[in-house]
Amino acid sequence: MDVYVPDHYRVLGVAVAADASAIKDAYRKLSRVYHPDRHGGSARATTCFQYISSAHVELSDPLRRLNYDRQLLLRDPLRMVEDPRAAQALDVLDLVVRRIKRRPEALPGADRGRDLRVRHEVSFELAALGGTALVAVSYDSVCGTCRGQGTTEPARNPVCHVCQGKGTVKHGLRRTNDECGFCAGRGAVLLANCPDCSGRGIARIEQQIGVAVPPRATAGLVLRARGMGETPALGTQPGDLVVELAVAPHPILAIDGDDLVAAVPITWLQAIAGGTVSVPTLEGIERLTLPADLGGRRELRVVGRGMLRADGSRGALRVRLELDVPRTLSEADCAIVRDLHANWGDGAFAAVSDYARRLAQCAPKSP
Ligand SMILES: [Zn+2]
Ligand SMILES: [Zn+2]
């Protein structure tokens, strides 16, 4: 988009042939309307006042004006022909206060808002059992305070005298319609800004949206919350919120079909004497009692605490017990353990005895 080059004559609302006093009058009149002090420092008023001031600086000095007229002649030759509308331009300003001409509803090509796409990571537990994920989103939407109009007091915004309320100005040899820079294409100059969106008509919305996650959801699943996307203008359909799911890995649990598997280390003493271990479940950490007669068993099943099946029942939580054997015993400690083993005799290790018995039935290594 081209940079807006203000047409000083249009900005002052005078004909190109206007004399010095007409220029001075126009400047005074417009300064009273657009001075930023009168509009609580409104950004638009400041911009407009800058246009008016520089137009006055350029056109009130005869040499500068001559120079400017040459530039204008090159840029837009037809402008130098007498412009009957220019003389009426300031009369338009006198009519002032009308409603903004270009309503947001009239903006073309925006019948549905954009979908909002976000990636959201849920916990392992939520993905397994399903539930509601709170997805933080921030997006642009119609400002609720001014209903997208950029102002809550349309009556206080004067009709733009530069484009005479059309929002566009014709210029150049081809007479192309360009957005009027004085009113930013609104047709009215937004002097009374909406405090919530600073006149943009669009407000940043930041909120958390609850999105339903089905049980056994996996990473990459795409969820859609209808009507939770952007609403670009009043009267348009909002887009959807599209969530691509990521699942945080669990530090201990793994999924195996309908079961959950947890590898839990236990000590040598726990394997002999029993005790309790802490085990994570989908519902939180729980204490599990190890039976004193654990024997050679290396896996405990907790039924009904695994993954949710389609029929509503649940698989098992399989706790894999991993024997942790001390590796850094002193020579004295090892002597104690050796004494213990000697006291127990070979019968204490049923599996080892059984293995020796079966090994004896095997063929020896051929010579
Ligand atoms: Zn607003
Ligand atoms: Zn305008």
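Among contacts in the protein chain between residues at least 6 apart in sequence, what percentage join residues at least 24 apart? The share is 65%, where two residues are in contact if their C-beta atoms, placed from the backbone, lie within 7 Å. This is a predicted model, in which local features need pLDDT of at least 70, side-chain atom pairs count only at pLDDT 80 or more, and totals for chains, interfaces and linings use all residues. Residues are numbered from 1 along each chain as its sequence is written, while chains are lettered from A and ligands numbered from 1 in the order in which they are written.

**Overall make-up**

- You will find nine helices and 13 strands in the protein chain; helices (H or I, at least four residues) and strands (E, at least two) are DSSP runs, numbered from the N terminus.
- Of the 367 residues in the protein chain, 25% are buried (20 or more other C-beta atoms within 10 Å of the residue's own; 12 or fewer is exposed, and in between is partly exposed).

**Helices α2 and α3**

- The axes of α2 (residues 20–34) and α3 (residues 43–60) come within 10 Å and cross at roughly 165 degrees; axes are lines fitted to C-alpha atoms, for helices over the stretch in contact, and angles run from 0 to 180 degrees between N-to-C directions.
- That crossing makes α2 roughly antiparallel to α3, a label for angles over 145 degrees.
- On the α2 side, the residues that meet α3 include Ile23, Tyr27 and Leu30, and their partners in α3 include Cys48, Phe49 and Ile52.
- By class, this contact of α2 with α3 has 10 nonpolar, three polar and one charged residues (Ala, Val, Leu, Ile, Met, Phe, Trp, Tyr, Cys and Pro count as nonpolar, Asp, Glu, Lys and Arg as charged, and the others, Gly among them, as polar).

**Two residues to look up**

- Glycine 165 sits in the loop between β2 (131–142) and β3 (168–171), and it counts as buried because it has 20 C-beta neighbours inside 10 Å.
- Glycine 165 and alanine 188 are 23 residues apart in sequence, with their C-alpha atoms 6.0 Å apart in space.
- Aspartate 140 lies in strand β2 and counts as partly exposed, because it has 17 C-beta neighbours inside 10 Å.
- Beyond its neighbours within four places in sequence, aspartate 140 is in contact with Ile202, Arg204 and Glu230.
- From aspartate 140 to glycine 229, 89 residues apart along the chain, the C-alpha separation is 8.9 Å.

Conventions:
Parallel < 35°, antiparallel > 145°, perpendicular 65-115°, else oblique.
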